[in-house]
Every structure is written in structure tokens, then in C-alpha cells.
Amino acid sequence: MTKKEDHRISIPSILEVGKGNIKNIGEIIKKGEFQNVALYYGDGIYELFGDDIEKSILAAGIKLKNMGAVTSIDFEEIGIKAFEISNDIDGLIAVGGGKAIDAVKYMAFLRKMPFISIPTSTSNDGFSSAGASLMLNGKRTSVPARTPYGIIVDIDVLKGAPEKFIYSGIGDLVSNITALQDWKFEEENGKTYVDDFAVMISKKAVNSFVRTEFKGIKDDMFLKELVDSLTMNGIAMEIAGDSSPASGAEHLISHALDKFLETPNLHGIQVGVATYIMSKVQMHRYERIKKVLYDTGFFNYVQTLKLKKADFKKAVDMAPTIKPSRYTYLHIEENRELAKKIIDEDEILKKILS
């Protein structure tokens, strides 16, 4: 192992999470002294919010030089689109779900320019992270991207999104618990160094969220806490220099599912189920994870999806091959056997997996 270097991290200069922000984007991004911006929407987003957003930006005295829809996350297509951006543009804005944000943050990375992230759902922590998930040779591939210069979230917009995206965000966030345990396991086995500050941020993010009182998953406070915690995930990963503070064996299971399922489920849904499995393998905070996933209705939602035990067992066996450089609990054969036994025998998993 090599000695870790001193931290040099990027964090958002603009962070606005609240109600009504979608109509106030122009005034918010004025803090960045932008003059000419390019604006990109996810599929179907322009029809919902485009008029309000564009009026707000123009009213703030900022020029819209490019506008378009993100219809593809193909690696090569996005690269071409990035270098079609005119040189007078000084900022990129993405409004939408994960695909739109991933595409635009990679374009910002290629062009070395600031990027404003405006998520319309909370399906994962991608809106705040410096990585992007793109299609390369027909497969989802993680690539380096740009940490957002700004993150703007409208709670009312999140409420209007389908509940499956909230459940996905819940699953992605609770995975911090098992991911951190895997990271600690790697250090104990001499494979890496844990970054204590990144661990602290990741723990604070998930612990603050799981202790939030709520009556429903569309409560203002619940959604704000979810967004704040997912944002902190992005910061924790930026500090660590990789995804370890928020991604362990549970994410490897999800990535494996993505490789062989004809139609994978939302990333955070797969990760949430895998997190529960891994918490039982690790014997670490599984009661807390079970309570959160039960109380929020996550398990009830998953039960409607008809996910299969056989798929999760296959993904468990594939998991170590996804990132051979990692050394998680699932890189040990006896733990893979235990995970498959849990999938077959756990009472909750019997109900939600067929």
C-alpha cells in the first residue's frame, strides 16, 4: 500500500435544497457569476419544468446559448456532444434523473467547466458525486466526471416523482452501513487504508437519515434529509478519492445483476435488497437496516417487483469479479455461501424474492 496524499477536494459552491427552487434557478446560479450557459434536460423533463427554468435564467440576465435533451448515455456520443459546445459557454446545467446528470457531468469533465446538478428524483447519490455511469460497448461503465459546482433541489419536484425513485434513494443510502464495514474489512486485511474523515461523513449521512422521524416518505423533512444525506455521500467519496465510503459488496451484487438481467431494476432498489443480505452476512446493524427498509415501505414495494432468489445468488457468486481490486466480505468463498444460504432461508427475503 502506498502512503495517502494530502486531501485536495472539490465541493459544491452552491447548495440549495428547499421548496419552490425550480422557479428560482436563475437567481440561485447568479452566485456563480455565469454569463452564458448550456441547459440539458432528461427525457420528458422539458415539458414539465422547461418554461419556468428558462424564464428564471433569462430574468437573471444569464444567456442560454445551448439547450437540448439527453437521449443517450453512450460514451462516444456524449464525448462528441461535449466538444460541440461553443467556447463562450461558461457553465453546464443538467435537469432530470440519473442519466441526464451523468451525461452532462461527464461533458463538464471533458470540457473542464462548472456543472450545475438539478435532480428531479432521488434514486441515488449520483447527482452529488464525481463519477458517471455511461454505456460503453453496450455495458454500463463507471467513468470519472465532474463534481457539481452547484446542486439545486426542489422538494416539491421530488414529491411529484414516482415513489420508486424515493425507494431507490433509500436503498442507495442505507448501503453506507455495509459499505463502511467492507472498507474496514479491507483495511484489516492489509488491502487499503481507510480515510477516517470520509468515514465520519458517510456515517453522519446515513445515521442522520435513519434517525429521521416521518409519517410518510413524501414528508418535506424526510425528503430533505434524504437529499442532504445523499449529497454528503458525494462529499465522502470525493474525500476518499473513490466510492468506498458508499459502495461495498452490496453494490457489487447490483452491478452483477446489471450484467446479466435483461431488464435490471433501479440501482438503489437492487442495492437496498443486497444491503439487507450483506448486513446479515456481516452481522452488522441488520436490525437497524431491517427497520428502515420495513418502516419506509421499501420491502413492500420490492415485493411487487417479483425479484428472483436465483438471480441474487448468481450475483453473489459474480460479485468478486466485478471489481477484483476490492476485497469485500464477498471475496471470501465461505461468505458467499453464507449469503446464498441467507437468501434461501431469511424470512423477509422469502417474502420479497420469489
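Mentor: By class, the lining of the largest cavity comprises 7 polar and 3 nonpolar residues, with no charged residues. The model is a predicted one, and it holds 1 cavity of 30 Å³ or more. The volume of the largest cavity is about 60 Å³. Its lining is formed by Gly97, Gly98, Ile101, Pro119, Ser121, Thr122, Ser123, Asn124, Gly126 and Phe127. Rolling a probe the size of a water molecule over the atoms shows where empty space is left.

Strand S4 covers residues 91–96 and strand S5 covers residues 115–119; the two pair in the parallel sense over 5 bridges. Within this pairing, leucine 92 stands opposite phenylalanine 115 in S5.

S4 and S5 belong to an open sheet of 6 strands, whose order is S1-S8-S5-S4-S2-S3 and whose pairing is parallel. Its edge strands are strand S1 (14–18) and strand S3 (63–69), each of which pairs on one side only. On average, neighbouring strands of this sheet are turned by 15 degrees against each other, direction ignored. In a regular strand the side chains alternate between the two faces of the sheet.

Helices lie across this sheet. Helix H2 (residues 45–59) lies across strand S2 (36–41), S3 and S4, and runs at about 165 degrees to S2. Helix H8 (residues 220–240) lies across S1 and strand S8 (150–154), and runs at about 160 degrees to S1.

A separate pairing is that of strand S6 (residues 131–136) with strand S7 (residues 139–144), which run antiparallel and are joined by 6 bridges. Glycine 131 has proline 144 in S7 as its bridge partner, and alanine 132 stands opposite valine 143 in S7. S6 and S7 form a hairpin with 2 residues between them, and asparagine 137 in the turn has a positive phi of about 55 degrees.

H6 and helix H11 (residues 286–295) pack at an angle of about 175 degrees, and their axes are 11 Å apart. Because angles over 145 degrees count as roughly antiparallel, H6 is roughly antiparallel to H11. The contact is made by Ile170, Val174, Ile177 and Thr178 of H6 together with Ile289, Val292 and Leu293 of H11. By class, the contact of H6 with H11 has 6 nonpolar residues, 1 polar residue and no charged residues.

H6 also takes part in an open space, the second largest pocket, to whose lining helix H6 (163–188) and helix H7 (196–210) each supply at least two residues. The volume of the second largest pocket is about 200 Å³. Of the 13 residues that line this pocket, the closest to its centre are Leu180, Gln181, Lys184, Val199 and Lys203. H6 gives the most to the lining, with 6 residues. By class, the lining of the second largest pocket has 6 nonpolar, 3 polar and 4 charged residues, whereas the lining of the largest cavity has no charged residues.

Notes:
Residues numbered from 1 in each chain as written. Predicted model: local features only at pLDDT ≥ 70, side-chain atom pairs only at ≥ 80, totals over all residues. Heavy atoms only, no water. 1 Å grid on protein atoms, 1.4 Å probe; cavity = no way out; pocket = protein on both sides within 12 Å on 5 of 7 lines; lining within 4 Å. Points joined across faces, edges and corners; volume = space filled by probe spheres on them. Helix = DSSP H or I, 4+ residues; strand = E, 2+ residues; numbered from the N terminus. Nonpolar A, V, L, I, M, F, W, Y, C, P; charged D, E, K, R; others polar. Pairing = 2+ DSSP bridges. Axes fitted to C-alpha atoms, helices over the stretch in contact; angles between N-to-C directions. Parallel < 35°, antiparallel > 145°, perpendicular 65-115°, else oblique. Contact = heavy atoms within 4.5 Å.
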